[in-house]
Amino acid sequence: MSGAALRNRALLIAALVLLALPIAAAYLWLVLASFGRGHELTWGIFPTSYTTDNWRFLWDASAAGRDVPSVWLATRNSVVLAVSIMVLDVSLATNAGYVFSRWTFRGRGPLLAFVMVLHAFPSVTLLVSLFIVLLHMGLLDSLWGIVLVKVALQLPFGIFVMKGFFDSVPWESEMSALMDGCTRLGAYRRVILPQVMPGIASIAIFSFLEGWKEFLFVYAFTFDKSSWTLSLYLQSILSRTGGAQYGLLAAVAVFYMLPVVFFFLFAQKQLSRVQLGGVKG
Amino acid sequence: MARRRRIPRLRPWQLLLLPAAVLIALFYLLPAVVNLVLAFSDMDYTFDYHFVGGASLVRPLADPMFGVVLRNTAVYVVTTLTLMNVVAALVLAILTTEVPERVGSVFRVLWLLPRATPSVVYVLMWFFLLDPTDYGLVNRVAGSLGGSNYDLLTSHPWAVVVLMNGCVGASMGMVVFTAAIKSIPPQLIMAARVDGATAWQRIRHVTLPAIAWPVMFVTVYQTLSLLTSYEYILLSTDGGPFYQTEVLSLYVFHNAIADYELGYGAALSIGLMAIGTLVALIYWRVFGLGARSLPARIEVDR
C-alpha cells in the first residue's frame with residue numbers, strides 16, 4: 001500500500017475515533033462512576049478515589065432513598081415483564097408466522113397486508129386510548145396489562161419476521177415429512193420448527209430486551225410502587241436527586257444494563273437481524 | 001354427542017392464528033377504535049364520557065400552544081432527520097466501509113450501543129456529559145479551552161434534543177447504508193480505481209448513486225418514527241424550558257397522561273396520525289415508493 005493510501009486510512013480511522021469518543025467516554029464513565037467516590041474526576045471521567053458504597057442499594061434498601069421500593073422487587077418486576085413478553089411474543093408470532101407462510105386460506109393476502117399496515121402504524125399514538133381500555137378491563141396499574149399491550153403492539157412485526165424465516169424453509173423438507181406419514185402439524189413441530197430456531201432466538205432476544213427496556217408504558221399505566229420496574233426505579237432516583245448522586249445512579253444503571261450488555265456482546269448477530277424494525281439488509 | 005357437534009370445529013391453522021388475532025384485536029384494534037370515540041368527547045380525570053361532537057377536534061385551533069407545538073415538531077423532525085439520521089448515518093457508513101472491515105465493524109457496534117441502552121440510562125449519561133458543573137465532560141473540555149460553565153440543557157435545548165435522539169437514530173441509517181454499500185459490485189469500484197478516480201470521486205459517482213433508494217427508505221421510516229418518539233425528550237427536557245422543546249407527541253402525553261385531558265389527548269393523537277399519514281402519502285408521491293417497493297418481498301399468492 002502506498003504512503004498516501006496509508007495516510008488516508010489513518011485519517012479515516014482518526015475521524016471514526018473522534019466520532020466514537022463521546023459515546024465510549026459516556027459508557028466508560030458510567031462503569032467507573034459506579035465505583036467512584038465524591039464529585040471529583042480526573043481526565044474528565046476517572047474518579048479520584050474508588051469505593052463500593054454506591055452499590056449498597058443492593059443489600060440496603062434505604063441507600064437508594066426512602067421513596068423507592070427495594071431494588072429486588074423492581075428487578076423481579078422487570079424479569080416478569082420481560083420474560084412474559086418474550087414467551088407470549090415468541091409463541092404467538094411463531095404460530096402466526098407459520099400459518100401465513102404455509103397455509104392457503106381465504107383472505108390470506110388481505111390479512112397479511114393488514115398485518116403490514118399495523119407494523120407501519122405508529123402504535124405509540126394509542127397511549128391515550130390504551131389507558132381507557134386497560135382501565136375498563138381492570139388491567140390498569142398491573143404489569144399484566146403492559147405485557148398484553150406490548151405483545152399486541154409488537155406482534156405484527158414478529159409475525160412478519162417469523163414469516164420470512166418460514167418462507168426460507170424449503171417445501172421439500174415438509175413434503176418428505178408428510179410422505180413419511182406426519183400430519184401437517186407434526187411436520188411443523190418436528191421438521192419445520194427446528195429449522196427456524198435462529199428466527200425464534202432473534203425474536204426472543206429482541207422481545208426480552210424490549211420488555212426489559214420498557215419505560216413509557218410502565219410510567220403511564222402503573223401508579224403503585226409495587227409495580228415499578230428497574231426503569232422506573234432508576235428514573236425516580238434520577239428525578240429526585242438530579243446530579244447530586246451520580247455514584248448511586250451509575251451503579252443502578254450498570255446493574256440495570258447487565259442483561260443488555262450480555263445480549264449485546266454475545267448475541268449481536270441475532271439482535272442485528274431484527275433490532276432495526278425488520279430491516280433486512 | 002349432539003351438543004359437541006355444535007361447537008364449530010376449528011381448522012389447525014385457525015387454532016394457531018387465533019391467540020395472536022385475539023390479542024391484536026383487544027389491545028391494538030380496539031384502542032384504535034376507542035381513540036376515535038374518545039376524540040369526540042371531553043373526557044377528563046373523572047373518566048365520564050360526554051359526547052361533544054367535534055369540539056375536542058377543533059380545540060387545537062383555539063389552543064395558543066398548538067401552533068408552537070407544531071412548529072417545534074417540524075424543527076425537531078426536520079433537523080434530526082437531515083443532520084443525524086441521514087447525513088451522520090451516511091458519514092458513518094462511508095467511513096466504516098472505507099477502512100478494513102474488522103475496524104469498521106467495531107465502530108458500527110459502538111454506535112449501535114445507544115440503541116440497545118434503556119432510555120433512562122441513556123439520558124443519565126447525557127446528564128453527565130452536559131452537567132453544568134465541572135463534573136460534566138463537555139464543561140470540563142470547554143473549561144480547559146478557556147470557556148466557562150455552560151448549562152446546555154437550558155441554553156441550547158434543541159441542540160441537545162437533536163443530538164440525543166440523533167445518536168440513537170443515526171445507527172439505523174448506518175446499518176442500512178452499510179449493507180447497500182457492501183452490495184455494490186466490486187467490479188464497479190475496481191473500474192473506478194482503474195480509471196484513476198480519487199476517493200471522493202468514487203464516493204460521489206459510485207457509492208452515492210447506489211444508496212439513493214436506501215436513503216429514501218430511511219428518510220420515510222425515520223420521519224414517521226421521529227413524529228412519534230418523545231421518550232428521550234420527556235426524560236431530559238420534558239418539553240422545556242418553557243415549551244421550547246414540546247413536540248406534538250409529547251404534548252399528547254402531557255395532556256392525556258399528565259393532565260388527564262383524555263378527550264383532548266385522543267383528538268391530538270388523531271391529529272398526529274393524520275400528519276403521519278399525510279407525510280407518508282407525500283413521500284409516496286414524491287419518491288414513487290409504490291413502484292419501487294412492490295417487486296421485492298411482497299407476497300405472491302400461491
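1. A helix axis here is a line fitted to C-alpha atoms over the stretch in contact, and angles run from 0 to 180 degrees between N-to-C directions. Helices (H or I, at least four residues) and strands (E, at least two) are DSSP runs, numbered from the N terminus.

2. A word on the source before we start: this is a predicted model, in which local features need pLDDT of at least 70 and side-chain atom pairs count only at pLDDT 80 or more, while totals for chains, interfaces and linings use all residues. Residues are numbered from 1 along each chain as its sequence is written, and chains are lettered from A, and ligands numbered from 1, in the order in which they are written.

3. Let us begin with chain A on its own. Chain A has 12 helices and two strands, and along the sequence these follow the pattern α-β-β-α-α-α-α-α-α-α-α-α-α-α. Its radius of gyration, taken over C-alpha atoms, is 24 Å, well over the 19 Å that the globule rule gives for 281 residues, so chain A is more spread out than a compact globule. That rule is 2.2 Å times the number of residues to the power 0.38. The C-alpha trace spans about 70 × 70 × 35 Å along its principal axes.

4. Next, a helix pair inside chain A. The axes of α8 (residues 197-213) and α11 (residues 246-266) of chain A come within 10 Å and cross at roughly 155°. These two helices are therefore roughly antiparallel, a label for angles over 145 degrees. Where do they meet? I205(A), L209(A) and W212(A) of α8(A) touch P259(A), V260(A) and F263(A) of α11(A). The contact has six nonpolar residues, with no polar and no charged ones.

5. Now look across to chain B. Two residues are in contact if their C-beta atoms, placed from the backbone, lie within 7 Å; by that test, 75 residues of chain A are in contact with 71 residues of chain B. Helix α1 (residues 3-33) gives the most to chain A's side, with 16 residues. That side divides into 57 nonpolar, 15 polar and three charged residues. Ala, Val, Leu, Ile, Met, Phe, Trp, Tyr, Cys and Pro count as nonpolar, Asp, Glu, Lys and Arg as charged, and the others, Gly among them, as polar.

Conventions
Angles under 35 degrees count as roughly parallel, over 145 as roughly antiparallel, 65 to 115 as roughly perpendicular and the rest as oblique.
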